[in-house]
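This briefing concerns a predicted model. It sets out selected local features, grouped by topic, for reading alongside the sequence and coordinates.

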Amino acid sequence: MRILSRDAYFEALETTRRAYHAQYRALYASDLGAVVLDPLLMRIPIDDHMVHRGDGVFEMFKCVEGGVYNLSAHIRRLASSMDALGLRLPVSEPKLVKIICHTLQASGLRDAAVRVYVSRGPGSFGVSPADCPQPHFYVVVSTLSSGFMETHPTGARVGISQIPVKPGYFATMKHCNYLPNVLMKQEALVRELDFTVGLDHEGYIGEGPTENFGIVTADRRLLFPSCDRVLAGTTMVRVLELAESLVETGVLREAGYGRISPEDVYAAAEVLIVGTTTDVTHVSQFEDCYWDEMGPVVRALRELLLADIQHNEEIRLDFAAHLSEGE
Ligand SMILES: Cc1ncc(COP(=O)(O)O)c(C=O)c1O
C-alpha cells in the first residue's frame with residue numbers, strides 16, 4: 001500500500017476531481033476561520049463527531065436573486081436544535097449571519113443553496129461529547145437546483161413509507177442523523193415514486209424525508225401534522241401564515257395543525273408537499289388515489305410562497321462589496 005507524502009497527497013487529491021464538484025462553490029470552516037473555493041479543499045476532519053456519530057445539527061436555506069430567504073426562521077431552528085444537543089455555537093448569531101453573507105459573496109452566486117452545519121467538533125473516535133474541546137461550524141454554498149415543480153410539472157407521486165419514523169423527540173430537531181430519511185428516499189426510488197411519507201406511532205401522517213405533507217379537506221381546511229411529531233418546517237410555518245389571506249377572503253375556512261390519517265388523505269380535495277427544495281408542490285398521487293390537476297388552494301399557496309421568496313428583503317447581499325483574500 002502506498003503511503004503518501006504531503007506533496008503526493010495533494011497530487012492524489014487532484015485525481016479525485018469530479019464533474020459534480022462544479023456545484024460546490026464555497027465552504028467556510030470555523031477551524032480555518034476562512035473560506036475555500038476549491039471543492040477538493042472542502043473537507044471535514046474525520047474525528048469530528050458529526051462525521052462518525054452524527055453529533056451535529058444543520059440548516060438548509062436558499063438565496064434567490066441575492067436575497068437570503070427566511071434566514072431568521074432558520075437561525076431560530078438552528079438555535080433550538082443546538083439547545084436540544086447542548087451544543088454552543090463558537091460565535092455570536094450576528095457573527096454567524098455575517099459569515100453566511102461573506103461565504104455567499106465569495107461564491108459569487110446570487111441563486112444558491114446554503115447549508116450550515118454545527119458539529120460537536122473533532123477530539124476522538126469515541127461517543128462522548130466531552131472528548132471534543134470546541135464545536136465547529138461549516139457554511140457550504142452550492143448552486144441552486146430547479147424547484148421540484150419546474151422539473152415535475154404534473155406534481156409529486158407519494159406513497160406511505162414502511163421505514164420506522166423517528167420518535168417526536170428526535171423528529172423535532174434538525175440533527176445529522178438522517179438514516180431513516182435516507183431510507184425513505186431510497187424506498188421512493190425503488191417504488192418509482194417521488195416521495196414516501198412516514199406514519200407516526202398512532203398511524204397518523206408524519207413527514208417526507210426532507211419535506212412536510214399537508215391536505216386541503218373537502219370542507220376547505222388546510223391541515224398539516226402538528227409539530228410535536230415532525231420537524232417544524234420553515235416553509236410549512238410560512239405557508240400557514242400566508243394562508244391567512246385565503247382564510248380572510250373565504251377561499252379557506254381555516255388553516256392550522258391537526259392529526260391526519262391516511263383515510264383523510266384519500267378523502268382530501270387537494271394534497272400538498274412543502275419544503276425549502278419543493279416550495280409548495282401539488283401531490284398528484286398518494287398510493288392508488290389520484291388528483292390529476294393542481295387544485296385552487298395549492299395553486300394560490302404556491303403563488304403566494306413564490307412571491308414571498310421573490311420579494312424577500314430580510315437579507316440582501318451586496319455583491320459589489322470588495323472581498324480580499326485575507327479578509
Ligand atoms: C425531516 C424534514 N422535514 C421537513 C423539512 C422541511 O423544512 P423546511 O421547510 O425548513 O425546508 C425538512 C427540511 O429539510 C426536513 O429535513
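Helices (H or I, at least four residues) and strands (E, at least two) are DSSP runs, numbered from the N terminus. In these terms, Phe-58 belongs to strand E3, which covers residues 56–64.

- Leaving aside residues up to four places away in sequence, Phe-58 touches Arg-115, Val-116, Tyr-117, Lys-174 and Cys-176.
- Met-42 stands 16 residues from Phe-58 along the chain, and their C-alpha atoms are separated by 17 Å.

**Leu-78 in helix H3**

- Leu-78 is located in helix H3, residues 71–85.
- Leu-78 has 24 C-beta neighbours inside 10 Å and therefore counts as buried.
- Its contacts, not counting residues up to four places away in sequence, are Val-57, Glu-59, Val-116 and Val-118.
- Between Leu-78 and Val-114 the C-alpha to C-alpha distance is 13 Å, with 36 residues separating them in sequence.

**Val-114 in strand E5**

- Val-114 is part of strand E5, residues 112–119.
- The 26 C-beta neighbours of Val-114 inside 10 Å make this residue count as buried.
- Val-114 touches Phe-61, Lys-62, Cys-63, Ile-100, Leu-104, Val-139 and Val-141, again not counting residues up to four places away in sequence.

**Helix H8 and its packing against H10**

- Helix H8 (residues 234–248) packs with helix H10 (residues 296–310) at an angle of about 115 degrees, and their axes are 10 Å apart.
- The crossing in which H8 passes H10 is right-handed.
- On the H8 side, the contact is formed by Arg-238, Val-239, Leu-242, Ala-243 and Leu-246; the H10 side contributes Val-297, Ala-300, Leu-301, Leu-304, Leu-305 and Asp-308.
- Classified by residue type, this contact of H8 with H10 comprises 9 nonpolar and 2 charged residues, with no polar residues.
- The buried residues in H8 are Thr-234, Thr-235, Met-236, Val-239, Ala-243 and Leu-246.
- At Leu-242, H8 bends by about 25 degrees.
- The 15 residues of H8 should span 21 Å at 1.5 Å a residue, so the 22 Å between its end C-alpha atoms agrees with expectation.
- Gly-250, which follows H8, has a positive phi near 85 degrees.

**Positive phi at residues other than glycine**

- Glu-192 is not a glycine, yet its phi is positive, at about 55 degrees.
- Glu-192 occupies the loop between helix H7 (179–190) and strand E8 (195–197).
- Because Glu-192 has 8 C-beta neighbours inside 10 Å, this residue falls in the exposed class, which takes counts of 12 or fewer.
- Glu-287 likewise has a positive phi, near 50 degrees, in a residue other than glycine.
- The loop that holds Glu-287 runs between strand E13 (279–286) and strand E14 (289–290).
- With 15 other C-beta atoms within 10 Å, Glu-287 is partly exposed.

Terms used
Residues are numbered from 1 along each chain as its sequence is written. This is a predicted model: local features need pLDDT of at least 70, side-chain atom pairs count only at pLDDT 80 or more; totals for chains, interfaces and linings use all residues. Axes are lines fitted to C-alpha atoms, for helices over the stretch in contact, and angles run from 0 to 180 degrees between N-to-C directions. A crossing is left-handed if the near helix is turned anticlockwise from the far one by less than a right angle, and right-handed if clockwise. Two residues are in contact if their C-beta atoms, placed from the backbone, lie within 7 Å. Ala, Val, Leu, Ile, Met, Phe, Trp, Tyr, Cys and Pro count as nonpolar, Asp, Glu, Lys and Arg as charged, and the others, Gly among them, as polar. The expected span of a helix is 1.5 Å times one less than its number of residues. The bend at a residue is the angle between axes fitted to the seven residues ending there and the seven starting there. A residue is buried if 20 or more other C-beta atoms lie within 10 Å of its own, exposed if 12 or fewer, and partly exposed in between; C-beta atoms are placed from the backbone.
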